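Please open the model in your viewer and follow the selections below in turn.

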Amino acid sequence: MERTERFVKELENNDCEVHVVDRKSLKENLVNYIGKGSKVFYRPSALIKSLGLRDIFELTEDFHEGIYFGLSEADYGIVYSGGLVELANTREEKLPSLLPEVHVALLREENIVEDFDDLFSRLQKPLPDITFITGPSKTADIEKILVRGAHGPRKLIVFIVANEY
Amino acid sequence: MIDFRKNADRILKDPVVVNAVQRATLHALKKREETIERIPDFEDLRDRARLAKEKVIGDFENYLKLFKKNATENGFIVHEAGDAEEARNLILKILKAHGARTVVSSKSMTQEEIEINPFLESHGIKKYETDLGEFIVQVAGQRPSHITAPAIHLTRKEIARLFSEKLGMNYTEDPEEITNFARNFLRGKYFKADAGMSGANFLVADTGSFVIVENEGNARMSTTLPGVHIVVTGIEKLIPSIMDLPVFLKILAPSSTGQRQTVYTSIFSRAPEGREIHIVLIDNGRRRMLKDPILREALMCIRCGGCSNVCPIFQLVGGHAYGSVYSGPIGIIWTYAIFGHEVAKELPFASTLCGACREICPVRIDIPRILLELRRRVVEREGGRPGEKILINVWAGLMTEPFLNKIGFRVASKVQTVFKKGDKIKSLPSVLSSWTKFKDLEPLADKTFRELWKERKGS
Ligand code: SF4
């Protein structure tokens, strides 16, 4: 899909690693990337639950220092900014994309929208908390030199799960 | 009184700072230009942002009321503080109610404006700045020198020495390792802090939301991890609707750091059960600005820092010369409006009125016009001598005739030559006498800022 291609390009501009995969190979991709037996701090979603990751990773909803991978499903992707959108009703839901060293985000292709307006017009009051994430955490506060992982993830990997036709 | 000339003289003796400021500002401008090239409707977005801000300024109390109502319905606890002292006491009361001893905080100009840190310290509450640049400046016991690059005046060597002496870091000059040290140091604080504080970039009237943009993730941490969150923000941050937010998000980062968007944008619209989120709305002179037909326009500022980056004076001396939390062209106006005539009466003259700030301002604030008016007020209050009045009038004449703007500075430079030779110059309130010291100050030279800017980009 043309929109997806543009989205991938914007994400890459924003320093993200992007893979477009189909639903069937998603699990295998995650296992290859994260590694069997790894501890993963995650935010449950229907998609993530359906993958049956419990027997492969040590999944937890409680963070402690030393957990390397965070896993979450983004609710939307926005082409304009080349970023992900996470909706949250609790503060715990915000943490898997924030605390670990590497954030692995899943995004269903059908949830890619063009612009901010497309997102806001879909949301209903009362609004959830909304976080836009466009790339890994960054700073350039020392002599303007770019450093990734200022406080949050040093890396952002996005797996776009392609639509099935 | 803030002595701009003295501050500037001191800074100009430090080539490292002068160099760093110049590099930082020009870098941001270059990135801005590259980014805007990819936003074809940027000018239109600026108009729309301006319009949204005009709506708020035109019907301020109603928008504020709407925000308070919606924010309260969202579960936020909304407070209002008339001045800095009231704000400090309010914040202290909230912190005390939670037995807070340590606080983590993300960047907030408004917090600096009300000088909350020393106040909390004197009540035994330690507040850590968590934005890396702000953290460095805090450890150094200094003030930020640039709105988006607070520690730009310090070299990596200085930061390395600072961290190893004061925080026990194993000495390294590698920015990545220094950042990592700060990351780990502050990680420990986030999880243990009793409260988190932040500012807000926008307050959304029709949803009662507040919005924070950042790159590092420290604001997300400070607002999410501790048990209570206090937002400290000026009442001017209002925008009418969540549907206006995209426009502001599209102009803010490009005008500021030159990014298309910042890494993180957090929109808060609910207080989760069992968790207190306080919003402290601060007036501290803003309603006074609102009632002032000339100053009210400055309330539209979204604090992108663009006008500082493009200002030939700022590029030369950086933020410290302004002696205030608010620096650069718009900072002069804010400092005068918030801290008053006696403190800020020299500052309106720390400008060449070249108009670059007005050109870059994403909400099209006519900064030179306001500066000119402030000069008029200063001269009036200080009882300027005839020579000064003439000069001010010359400037006024130049600046209010738009068609003269382009050639204005050549004219101005001629005016300068005339006055330089006369003895009246000695009594001028720094308007030209200081500029004659800055030999390489460009816009008063024979070329306009635009011409110089084009040349500089070409080289
Ligand atoms: S006055 Fe305009 S350019 Fe300057 S900081 Fe404010 S919004 Fe940005």
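Begin by selecting the residues around the ligand, that is, those with a heavy atom within 4 Å of it: Cys301(B), Ile302(B), Arg303(B), Cys304(B), Gly305(B), Cys307(B), Ile330(B), Cys361(B), Pro362(B), Ile365(B) and Ile367(B). Coloured by class, this shell divides into nine nonpolar, one polar and one charged, where Ala, Val, Leu, Ile, Met, Phe, Trp, Tyr, Cys and Pro count as nonpolar, Asp, Glu, Lys and Arg as charged, and the others, Gly among them, as polar.

The model is predicted, with pLDDT of at least 70 required for local features and 80 or more for side-chain atom pairs, while totals for chains, interfaces and linings use all residues. Residues are numbered from 1 along each chain as its sequence is written, chains are lettered from A and ligands numbered from 1 in the order in which they are written, and side-chain values use heavy atoms, leaving out hydrogens and water.

Next, select helices α16 (residues 328-339) and α19 (residues 367-382) of chain B, whose axes come within 10 Å and cross at roughly 40 degrees; helices are DSSP runs of H or I with at least four residues, strands runs of E with at least two, numbered from the N terminus, and axes are lines fitted to C-alpha atoms, for helices over the stretch in contact, with angles from 0 to 180 degrees between N-to-C directions. That makes α16(B) oblique to α19(B), a class left over once angles under 35 degrees (roughly parallel), over 145 (roughly antiparallel) and 65 to 115 (roughly perpendicular) are set aside. Their contact (heavy atoms within 4.5 Å) includes Ile330(B) of α16(B) and Ile367(B) of α19(B).

Finally, display the open, parallel sheet of chain B, in which six strands run in the order β1-β10-β7-β4-β2-β3, strands being paired if DSSP finds at least two bridges between them.
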